[in-house]
Amino acid sequence: MLIQTAQGNAPDGLPFQVFTLTNSHGMSIQMMDWGATWISCKVPVKNQLREVLLGCQLEDYLVQQAYLGVTVGRYANRIAQGQFELNGKSFQLSRNQGKHQLHGGLHSFDRQRWQLVKCGQNFVSFMLYSTDGDQGFPGNVEVAVTYTLTESNCVEITFDAKADQDTPLNLTNHAYFNLNDADYGCDICNHHLQLNAAQYLPVDQAGIPNAPLKSVQQTSFDFRQMKQIAQDFLQDEQLLVKGYDHAFLLGDNKEEMCAILTAQDGSLSLRVSTSQPALQVYTGNFLAGTPNRFAGVYTDYAGIALETQALPDTPNHPEWWQLGGISRANEKYHHWTQFQFL
């Protein structure tokens, strides 16, 4: 079932358009056209609906700095120095994290109104047109994102795009999950996590890659077997970024499973699968002060983001281009991620 409502006022003077999808089991998700943002996800657990997605009041999406549930582009994660070279040309991007660019720059995809393309009883599709030179990126790019809610309590997000020039392109959704209490945000370090990843990418204090991919073996980054996030938390290189905020290179069969997140009490699990090559795991290290839905604020570690994407700073690392992150002119960009609640 699909319900569309107009609420509040966006910076362009028009109301936000909010879309609610509900399946026959009572699970419901909400999206809005501003930032093509996923704003709510309620899952039936023990005959009650449980909110599992961090969110805030609509007007607070305009001021929050945590990218709650937004569609991120053109390039998710960081680009060092806000610059790169492609086809013999140098490009300077807008910088919004000191001297670096994060999640697309100052006026990125999350800060714009997306157009409704089409919708149905179980899906909503939005489109955005990004012009040549947008935030410093080359080429005109048309992007579409589609949210689908299935009868098996799965949320599928698909990204489709095409550029008329070679350009960096790395799209993701920045949802934060808390399977026990997403409304107020209990500490997710007591959740359990498993990752289909044998390698991770070391980063410096700014989150910029500073070494080649590294084996997770005998490190705090080894989630190949399910373990409590708190087990090896704030050890080793994590101290630089106050927790986990690292890309993991996904192994074979990632389209069957790239991550499993389980609630502290075992009452609910989230199984993530994707066509993307990597997963950025961010334990909400700097969520403190982010507004919640009830005029309060979240604390650090109130939610975990599982961002499927290409590796960060790929435009400056040609050795990673074969893994994705650089879209060629007139080639179709298509990726999907499924969030299956069990």
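## Aromatic pairs

Rings of Phe, Tyr and Trp (its six-membered ring) are paired here if their centres lie within 6.5 Å, with planes under 30 degrees apart called stacked, over 60 edge-to-face and the rest tilted; by this rule there are 20 aromatic pairs. One of them joins Phe16 and Trp34 edge-to-face, at 6.5 Å centre to centre and 85° between the planes. This pair links distant parts of the chain, 18 residues apart: Phe16 is in strand β2 (residues 16-22), and Trp34 is in the loop between β3 (28-32) and β4 (37-45). Strands are DSSP runs of E with at least two residues, numbered from the N terminus. Phe16 is buried, at 1% relative accessible area, and Trp34 is buried at 9%; buried means under 20% (1.4 Å probe, protein chains only).

Phe19 and Phe126 are also edge-to-face, because their ring centres lie 5.6 Å apart with the planes at 70°. Phe19 lies in β2 and Phe126 in β12 (residues 123-130), so this pair ties together parts 107 residues apart in sequence. Phe19 is buried at 1% and Phe126 at 0%. Both belong to a cluster linked by ring pairs, together with Trp38, Tyr147, Phe177, Phe339 and Phe341.

## About the model

This is a predicted model, in which local features need pLDDT of at least 70 and side-chain atom pairs count only at pLDDT 80 or more, while totals for chains, interfaces and linings use all residues. Residues are numbered from 1 along each chain as its sequence is written, and side-chain values use heavy atoms, leaving out hydrogens and water.

## The six-stranded sheet

Let's turn to an open sheet of six strands, with antiparallel pairing and the order β17-β26-β25-β22-β19-β20. Its edge strands, β17 (176-177) and β20, each pair on one side only. Strands count as paired if DSSP finds at least two bridges between them.

β26 (residues 304-309) is joined to β25 (residues 278-282) by five bridges and to β17 by two. Opposite β26 residues stand Ala278, facing Gln309, Gln280, facing Glu307, and Tyr176, facing Ala305. Ile304, Leu306 and Thr308 point one way from β26, Ala305, Glu307 and Gln309 the other way, and all are buried.

## Around Ser220

Ser220 sits in the loop between β20 (214-215) and β21 (227-228) and is buried, at 1% relative accessible area. Its side chain makes a polar contact of 2.9 Å with that of Gln238; such a contact is a pair of N or O atoms within 3.5 Å, where, within protein, one must be able to donate a hydrogen and the other to accept it, and residues adjacent in sequence count only if both atoms are side-chain atoms.

Definitions and conventions:
Helices (H or I, at least four residues) and strands (E, at least two) are DSSP runs, numbered from the N terminus. Buried means under 20% relative accessible area, exposed over 50%, partly exposed in between (1.4 Å probe, protein chains only).
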